[in-house]
Amino acid sequence: MWQSPSEDLTRTGVKYFARHKGELNSCVFSPDCQILLTCSDDCRIFLWNAATGQLLAKVTGHTGPVKSCVFSPDCTLFASSSHDRTVRVWHTATTQCLRVLTGHSKSVETVCFSPDAKWLLSGGWDKTAILWDVQTGEIARIFSGHQGAIQTSMFSLNSQYVATGSWDYTVKVWSLRAQEREKTLEGHRGNVSCVCFSVSGMLASGSWDRTVRVWHPRLGTLLFLLEGHTGWVKNLAFSRDGIVLASSGDHDRVRLWDMSNGRCIKSLKVHAGLAHGCSFAPSGALLTTGPADFLLKAGNASEEQEADQAQQP
């Protein structure tokens, strides 16, 4: 359960990890936050013990930079997408490549599992998103309509909808029911870099325009415009109960937002001012990752952490 917004947060430990031999493109926790998955321009994927920093495995197979990686909900699988125009599905325990999915004509920038683990969605520079059957590896559906590269994607928690964010400045919400048309959410003034659904069905999107927008996705209406980041928004995460939204920005603080009123309730200074991603652990603690070589954990706080006074009422 998420702690009361009145409680402070601070760093409780920093773990350092050996560097990839290339720029880090994605850094994600397993659902239980025990394993950290990273991928890089060096064409490799690393699995780490998130608590100790021990390197568990180095995974090779892609022939181009690996742009995105993600665990399945039960952590038995992970998937990766690459500049080599493929998506690969791997067995987590053995790191064996189970499937190579081909269908994109250009670099694949994003990949995500549905919460029921039946589907995998990928999107990229060919401006299309492809829905894959995880069991068979076959293409179930192709979503077309974006006018720019698809940078990010995520399923709703009921596995009925998927959101894609694009360099055309829009978010599209696609229904897995063929009879429903997609919703196009407009308002961002820069590339959409991240999207995230809450347990209650809200959809948040972050952009190069340094803002976060929170939507009612099926109605297509804007609920909150969240401003305050000084760099482009790189990652979003809702708390498990959906009450708090965390956002991390490029060379910026991690900000926590109250989803009852859209106000910034905390502004967390991270190591070296860099936060690549953020995630909420089952315990409710906020975990953030750096861009290349460290893991930052934020938990219960001391008095040292400052609130963002500029955002206070």
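**View 1. Pairing of threonine 128 with serine 144 in the predicted model**. Serine 144, in β13, is the bridge partner of threonine 128. Strand β12 covers residues 128–133 and pairs with β13 in the antiparallel sense. Five bridges join β12 and β13.

**View 2. The open sheet of strands β10, β11, β12 and β13**. The four strands follow the order β10-β11-β12-β13, and their pairing is antiparallel. β10 (108–113) and β13 (139–144) each have a single partner strand, so one side of each has no neighbour in the sheet; these two strands stand at the edges. On average, neighbouring strands of this sheet are turned by 20 degrees against each other, direction ignored.

**View 3. The largest nonpolar core**. This core holds 15 residues. Those that touch the most other members are Val212, Val214, Leu226, Leu236, Leu245 and Met259. Two or more residues come from each of the elements β18 (192–197), β20 (211–216), β21 (221–227) and β22 (233–238). β22 gives three residues, the largest share of the core.

**View 4. The second largest pocket and its lining**. The volume of this pocket is about 300 Å³. Its lining consists of 18 residues. Asn158, Ser200, Gly201, Pro217 and Arg218 are the lining residues that lie nearest the centre of the pocket. By class, the lining of the second largest pocket divides into nine nonpolar, seven polar and two charged residues.

Note on methods: Residues are numbered from 1 along each chain as its sequence is written. This is a predicted model: local features need pLDDT of at least 70, side-chain atom pairs count only at pLDDT 80 or more; totals for chains, interfaces and linings use all residues. Side-chain values use heavy atoms; hydrogens and water are left out. On a 1 Å grid over the protein atoms alone, a cavity is a set of points where a 1.4 Å probe fits but cannot get out, and a pocket is an open set with protein on both sides within 12 Å along at least five of seven lines; lining residues have an atom within 4 Å of a point. Grid points are joined across faces, edges and corners, and a volume is the space filled by probe spheres set on the points. Ala, Val, Leu, Ile, Met, Phe, Trp, Tyr, Cys and Pro count as nonpolar, Asp, Glu, Lys and Arg as charged, and the others, Gly among them, as polar. Two strands pair if DSSP finds at least two bridges between them. Axes are lines fitted to C-alpha atoms, for helices over the stretch in contact, and angles run from 0 to 180 degrees between N-to-C directions. A nonpolar core is a set of buried Ala, Val, Leu, Ile, Met, Phe, Trp, Tyr and Cys residues joined through side-chain atoms within 4.5 Å. Buried means under 20% relative accessible area, exposed over 50%, partly exposed in between (1.4 Å probe, protein chains only).
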